[in-house]
Amino acid sequence: KGVTMTALLAKAIAVTLKAHPVLNASFVAQGTQYNSNINVAVAVAMDDGGLITPVLQNADQMDIYSLSRT
(Lines give C-alpha, C1' and ligand atoms only; values in the text may rest on other atoms or scores of the structure.)
Protein backbone atom coordinates (compact mmCIF):
# COMPACT_ATOMS: atom_id res chain seq x y z
CA LYS A 1 0.00 0.00 0.00
CA GLY A 2 1.92 2.97 -1.28
CA VAL A 3 0.99 6.54 -0.47
CA THR A 4 2.03 9.29 -2.86
CA MET A 5 3.23 12.76 -1.94
CA THR A 6 0.34 14.11 -4.01
CA ALA A 7 -2.15 12.21 -1.83
CA LEU A 8 -0.48 13.54 1.33
CA LEU A 9 -0.68 17.09 0.02
CA ALA A 10 -4.31 16.69 -1.09
CA LYS A 11 -5.27 15.31 2.34
CA ALA A 12 -3.47 18.16 4.11
CA ILE A 13 -5.35 20.67 1.96
CA ALA A 14 -8.68 18.94 2.60
CA VAL A 15 -8.14 18.86 6.37
CA THR A 16 -7.16 22.54 6.34
CA LEU A 17 -10.24 23.52 4.31
CA LYS A 18 -12.47 21.60 6.71
CA ALA A 19 -10.91 23.40 9.69
CA HIS A 20 -11.07 26.82 7.96
CA PRO A 21 -14.23 26.90 5.80
CA VAL A 22 -13.73 30.57 4.94
CA LEU A 23 -10.88 29.41 2.67
CA ASN A 24 -13.31 27.16 0.77
CA ALA A 25 -15.50 30.03 -0.41
CA SER A 26 -16.09 31.92 -3.61
CA PHE A 27 -17.58 35.25 -4.56
CA VAL A 28 -20.91 35.35 -6.40
CA ALA A 29 -23.20 38.23 -7.33
CA GLN A 30 -25.12 37.84 -4.05
CA GLY A 31 -21.97 37.86 -1.89
CA THR A 32 -19.79 35.11 -0.49
CA GLN A 33 -20.80 31.49 -1.11
CA TYR A 34 -19.39 28.92 1.32
CA ASN A 35 -18.98 25.49 -0.22
CA SER A 36 -19.95 22.48 1.87
CA ASN A 37 -18.07 19.99 -0.34
CA ILE A 38 -14.30 19.86 -0.17
CA ASN A 39 -12.96 18.98 -3.61
CA VAL A 40 -9.26 19.26 -4.44
CA ALA A 41 -8.03 19.68 -8.02
CA VAL A 42 -4.57 18.35 -8.81
CA ALA A 43 -2.58 19.60 -11.80
CA VAL A 44 -1.09 16.74 -13.84
CA ALA A 45 1.40 17.29 -16.68
CA MET A 46 0.79 15.20 -19.79
CA ASP A 47 3.56 13.68 -21.93
CA ASP A 48 2.55 15.85 -24.89
CA GLY A 49 3.08 19.05 -22.90
CA GLY A 50 -0.57 19.50 -21.96
CA LEU A 51 -2.02 19.86 -18.50
CA ILE A 52 -5.13 18.31 -16.94
CA THR A 53 -6.66 18.90 -13.51
CA PRO A 54 -8.56 15.89 -12.19
CA VAL A 55 -10.66 16.64 -9.10
CA LEU A 56 -10.63 14.55 -5.94
CA GLN A 57 -14.28 14.77 -4.88
CA ASN A 58 -14.96 14.97 -1.13
CA ALA A 59 -11.26 14.66 -0.34
CA ASP A 60 -11.89 15.37 3.33
CA GLN A 61 -13.98 12.18 3.63
CA MET A 62 -11.47 9.87 1.92
CA ASP A 63 -8.67 8.06 3.72
CA ILE A 64 -5.12 8.60 2.56
CA TYR A 65 -4.95 5.24 0.74
CA SER A 66 -8.12 5.97 -1.25
CA LEU A 67 -6.81 9.40 -2.19
CA SER A 68 -3.56 7.83 -3.37
CA ARG A 69 -5.37 5.23 -5.49
CA THR A 70 -7.74 7.83 -6.96
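**Overall fold and two local features**

Among contacts in the protein chain between residues at least 6 apart in sequence, 32% link residues at least 24 apart. The model is a predicted one, and its protein chain holds 2 helices and 6 strands. Followed along the sequence, these elements come in the order α-β-β-β-β-β-β-α.

The C-alpha trace spans about 40 × 30 × 15 Å along its principal axes. The radius of gyration of the protein chain is 14 Å, whereas a compact globule of 70 residues would have one near 11 Å. Of the 70 residues, 23% count as buried. The protein chain exposes about 5200 Å², and carbon and sulfur atoms supply 57% of this area.

One surface feature brings together Val3, Met5, Leu8 and Tyr65, which form a nonpolar patch with about 390 Å² of accessible area together. Of these residues, Leu8 lies in helix α1, which covers residues 5–19. Leu8 has a relative accessible area of 42%, so it is classed as partly exposed; patch membership calls for over 30%.

Asn58 is not a glycine, yet it has a positive phi of about 50°. Asn58 is found in the loop between β6 (55–56) and α2 (64–69). With a relative accessible area of 26%, Asn58 is partly exposed.

Technical notes
Residues are numbered from 1 along each chain as its sequence is written. This is a predicted model: local features need pLDDT of at least 70, side-chain atom pairs count only at pLDDT 80 or more; totals for chains, interfaces and linings use all residues. Side-chain values use heavy atoms; hydrogens and water are left out. Patches are made of residues with over 30% relative accessible area and no salt bridge: like charges are joined within 9 Å, nonpolar side chains (Val, Leu, Ile, Met, Phe, Trp, Tyr) within 5 Å. Accessible areas come from the Shrake-Rupley method with a 1.4 Å probe; for residues, only the protein chains shown count as cover. A salt bridge is a side-chain nitrogen of Lys or Arg within 4 Å of a carboxyl oxygen of Asp or Glu. Helices (H or I, at least four residues) and strands (E, at least two) are DSSP runs, numbered from the N terminus. Buried means under 20% relative accessible area, exposed over 50%, partly exposed in between (1.4 Å probe, protein chains only). The radius of gyration is taken over C-alpha atoms; the globule rule is 2.2 Å times the number of residues to the power 0.38. Contact means heavy atoms within 4.5 Å.
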